[in-house]
Amino acid sequence: MSGFWDHPPVDVKTGKLDATGMRFGIVVGRFNDVVSQRLLEGAVDTLLRHGTRDADLVVAWVPGSFEIPVAARELAEHGNVDAVVCLGVVIRGETTHFDLVAAEAARGVGAVHAATGVPASFGVVTAESLQQALDRAGGKAGNKGADAAMAAVEMVSLLRAIRRPRPARRTAAS
């Protein structure tokens, strides 16, 4: 019985969680800043612990989550960054405003990534209550800012691995 691993080696690309030499832009929505500040702290701490230097971080504050994609695209195109970490908080209220803002933030961040080729990680917390948002910003549900930072590091590393020229294949005649 022949299996997958019986064939010649497959060229598998993976990202590493080493941010040494990487430069990051971080866009943070100021609205609900008691939560977004914690997301930022989680992201910065994670990036520094994984090898990024303070000098390789650029933080841009925007009014709210709806404005995140505009600043993220500017950083991706003109900020000399390897990735953009997008952080914000949208808490459900009594109107459909929550749905509109959350959907546009997600769509906009995805569009930045697709249009520029620069990874844009999504660390916008959408929550039913302030307590639920706090739980996801360093509370019992972890820190989504840290998670978004880790995703950015891994994506930069993966893209570098993909873009690295593949060594010439050896043949039986070589």
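Biologist: How many of the nine residues of strand 3 are buried?

Modeller: Strand 3 covers residues 83-91; strands are DSSP E runs of at least two residues, helices H or I runs of at least four, both numbered from the N terminus. Buried means under 20% relative accessible area, exposed over 50%, and partly exposed in between, with a 1.4 Å probe and protein chains only. Strand 3 is mostly covered, and its buried residues number eight.

Biologist: What kind of model is this, and on which pLDDT limits does it rest?

Modeller: Residues are numbered from 1 along each chain as its sequence is written, and side-chain values use heavy atoms, leaving out hydrogens and water. The model is predicted: totals for chains, interfaces and linings use all residues, local features need pLDDT of at least 70, and side-chain atom pairs count only at pLDDT 80 or more.

Biologist: In what order do the four strands of the open sheet stand?

Modeller: Strands pair if DSSP finds at least two bridges between them. Strand 1 (24-29) has five bridges to strand 3 and six to strand 2. Strand 3 has eight bridges to strand 4 (120-127). The pairing is parallel, and the order reads 2-1-3-4.

Biologist: Which strands form the edges of that sheet?

Modeller: An edge strand here pairs on one side only. From one strand to the next, the twist averages 15°, taken between N-to-C directions of lines fitted to C-alpha atoms, on a scale from 0 to 180 degrees. The edges are strand 2 (57-62) and strand 4.

Biologist: Which residue of strand 4 stands opposite C86?

Modeller: F24 is bridged to A83 in strand 3. G25 has V58 of strand 2 as its bridge partner. For C86, the residue opposite in strand 4 is F122.

Biologist: Which hand does the β-α-β unit of strand 3, helix 3 and strand 4 have?

Modeller: A crossover is right-handed if, with the strands pointing away from the viewer, the path from the first strand over the helix to the second runs clockwise. Strand 1, helix 1 (33-49) and strand 2 make a right-handed unit. The unit of strand 3, helix 3 and strand 4 is also right-handed.

Biologist: How much space lies in the largest pocket?

Modeller: On a 1 Å grid over the protein atoms alone, a pocket is an open set of points where a 1.4 Å probe fits, with protein on both sides within 12 Å along at least five of seven lines. Points join across faces, edges and corners, and the volume is the space filled by probe spheres set on them. For the largest pocket this comes to about 220 Å³.

Biologist: How many charged residues does the lining hold?

Modeller: Asp, Glu, Lys and Arg count as charged; Ala, Val, Leu, Ile, Met, Phe, Trp, Tyr, Cys and Pro as nonpolar; the others, Gly among them, as polar. The lining has eight nonpolar and six polar residues. Its charged residues number one.

Biologist: How far from L87 in space is S65, C-alpha to C-alpha?

Modeller: S65 sits in the loop between strand 2 and helix 2. At 5% relative accessibility, S65 is buried. S65 and L87 are 22 residues apart in sequence, while their C-alpha atoms are apart by 7.7 Å.

Biologist: And what is the distance in space between A71 and C86?

Modeller: A71 belongs to helix 2 (68-78). A71 counts as buried because its relative accessible area is 16%. Along the sequence A71 and C86 are 15 residues apart, and C-alpha to C-alpha they are apart by 9.4 Å.

Biologist: Is N80 buried or exposed?

Modeller: N80 lies in the loop between helix 2 and strand 3. Its phi is positive, about 55°, although N80 is not a glycine. With a relative accessibility of 64%, N80 is exposed.

Biologist: What is the relative accessible area of N32?

Modeller: N32 is in the loop between strand 1 and helix 1. Phi of N32 is near 65°, a positive value in a residue other than glycine. N32 is partly exposed, with a relative accessible area of 24%.

Biologist: What share of the protein chain counts as buried?

Modeller: The chain has five helices and six strands, in the pattern β-α-β-α-β-α-β-α-β-β-α. Its C-alpha trace spans about 70 × 45 × 30 Å along the principal axes. Of its 174 residues, the buried share is 41%.

Definitions and conventions. On a 1 Å grid over the protein atoms alone, a cavity is a set of points where a 1.4 Å probe fits but cannot get out, and a pocket is an open set with protein on both sides within 12 Å along at least five of seven lines; lining residues have an atom within 4 Å of a point.
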